[in-house]
Amino acid sequence: MKLKQLESLLGDLQQFENPKVELEQYPTGPHIASRMLYTAENSFGDVSNKVVADFGCGCGTLGVAAALLGAEHVVGLDIDSQSLDIASQNAEDLELDINFVQCDIRNLGWRGQVVDTVVMNPPFGTRKKGADMDFLSVALKIASQAVYSLHKTTTRDHVKRAALRDFNASSAEVLCELRYDVRQLYKFHKKKEVDIAVDLWRFVPQKGQGKGI
Amino acid sequence: MRLLTHNMLSSNIKGVTNGFPLRLEIEKAVEKQVDFNVDFLKNMFVKIEWKALVDASRAMGYVDLPDQTEPSMLDSDEFLKKFHHALLELHLEEGALICPETDRRFPVNKGIPNMLLHEDEV
């Protein structure tokens with residue numbers, strides 16, 4: 001599938017009706033999501049024929065993108081049941097067979113070794129400090145091949161240090177810098193549209209890591 | 001929910017030492033056909049907890065998986081087709097997943113298990 005085609009399919013997905021500020025529910029735009037998964041597939045072979053988990057899947061954009069690019073099994077995990085309803089509707093509309101699990105990533109019970117790749121657009125931790133690092137820590141415990149994630153560019157050094165030192169990643173690489181346009185979703189947003197610089201990261205877990213939690 | 005997902009999920013309630021595998025309580029099961037992918041199955045075979053898959057598939061009413069396996073079975077298309085069916089095509093749609101240690105019920109609605117823990121379980 002071409003990048004343009006992927007982006008256009010993702011652009012048609014339903015997004016949050018009433019986003020919840022405490023969960024930092026910002027939709028992953030089709031531009032970013034398509035590039036993230038397209039890169040994972042075409043530069044690294046981390047998607048097609050793989051088991052892919054989408055952490056904090058929200059309305060399922062990244063998981064849908066993975067399924068469209070040929071992932072054999074996709075699981076979307078989110079704490080919010082309304083998001084999961086929209087996500088499963090999105091999957092159904094595209095006739096994709098995606099599994100969803102309602103859970104809190106921070107106290108997830110998961111047997112390791114089976115998931116190849118985790119993709120995620122974690123809460124950036126602006127509301128709940130450290131939320132993005134919690135997600136990353138868990139992702140590196142269950143992925144056997146790679147973790148793709150978005151983090152604010154301003155946190156680049158911190159993310160790298162945490163991944164390599166605290167979470168035992170064997171590599172942590174910024175693949176590109178993207179602009180995340182956060183539309184005025186919430187009342188506290190003063191400007192109509194705000195561009196946030198985010199990094200697209202690829203983390204590789206240590207061999208033998210990914211044993212689960 | 002496919003049984004492949006079931007093969008990864010475990011109960012993470014505070015104090016539980018082995019929350020895997022979760023037992024299945026089935027109100028409604030469905031089957032959805034998916035393409036047969038030999039390479040994927042071979043790759044999965046070494047990662048799957050076989051007994052958990054066999055027990056889960058039997059609970060779903062599918063009894064064709066053997067108790068014992070050996071690597072040579074991967075050369076048999078007949079075996080791979082059964083494995084494929086159990087792993088990817090059987091879905092728990094309505095029911096529950098039960099913690100093997102505490103019998104706590106995690107409900108499954110519209111194929112989505114709710115694994116959220118209560119405050120006193122974290």
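1. Read along the sequence, chain B follows the pattern α-β-α-α-α-β-β-β, with four helices and four strands. Helices (H or I, at least four residues) and strands (E, at least two) are DSSP runs, numbered from the N terminus. The model is predicted: local features need pLDDT of at least 70, side-chain atom pairs count only at pLDDT 80 or more, and totals for chains, interfaces and linings use all residues. Residues are numbered from 1 along each chain as its sequence is written, while chains are lettered from A and ligands numbered from 1 in the order in which they are written.

2. The C-alpha trace of chain B spans about 50 × 30 × 20 Å along its principal axes.

3. In chain B, 32% of the 122 residues count as buried, that is, with 20 or more other C-beta atoms within 10 Å of their own, the C-beta atoms being placed from the backbone. Two residues are in contact if their C-beta atoms, placed from the backbone, lie within 7 Å. Among contacts in chain B between residues at least 6 apart in sequence, 72% join residues at least 24 apart.

4. At the interface, 26 residues of chain B are in contact with 21 residues of chain A. On the chain B side, α1 (3–6), α2 (38–45) and β4 (112–113) of chain B each give two or more residues.

5. Helix α1 (residues 3–11) of chain A packs against helix α2 (residues 30–42) of chain A at an angle of about 135°, with their axes 9 Å apart. Axes are lines fitted to C-alpha atoms, for helices over the stretch in contact, and angles run from 0 to 180 degrees between N-to-C directions. On the α1(A) side, A:Leu3, A:Leu6, A:Glu7, A:Leu10 and A:Gly11 meet A:Pro30, A:His31, A:Ala33, A:Ser34 and A:Tyr38 in α2(A).

6. Why is helix α3 (residues 61–68) of chain A largely enclosed by the rest of the structure? Eight of its eight residues are buried, among them A:Thr61, A:Gly63 and A:Leu68. The cover over the buried residues of α3(A) includes α1, α2, β1 (51–55), β2 (73–78), α4 (81–93) and β4 (117–120) of chain A. After α3(A) comes A:Gly70, with a positive phi near 95°.

Key:
A residue is buried if 20 or more other C-beta atoms lie within 10 Å of its own, exposed if 12 or fewer, and partly exposed in between; C-beta atoms are placed from the backbone.
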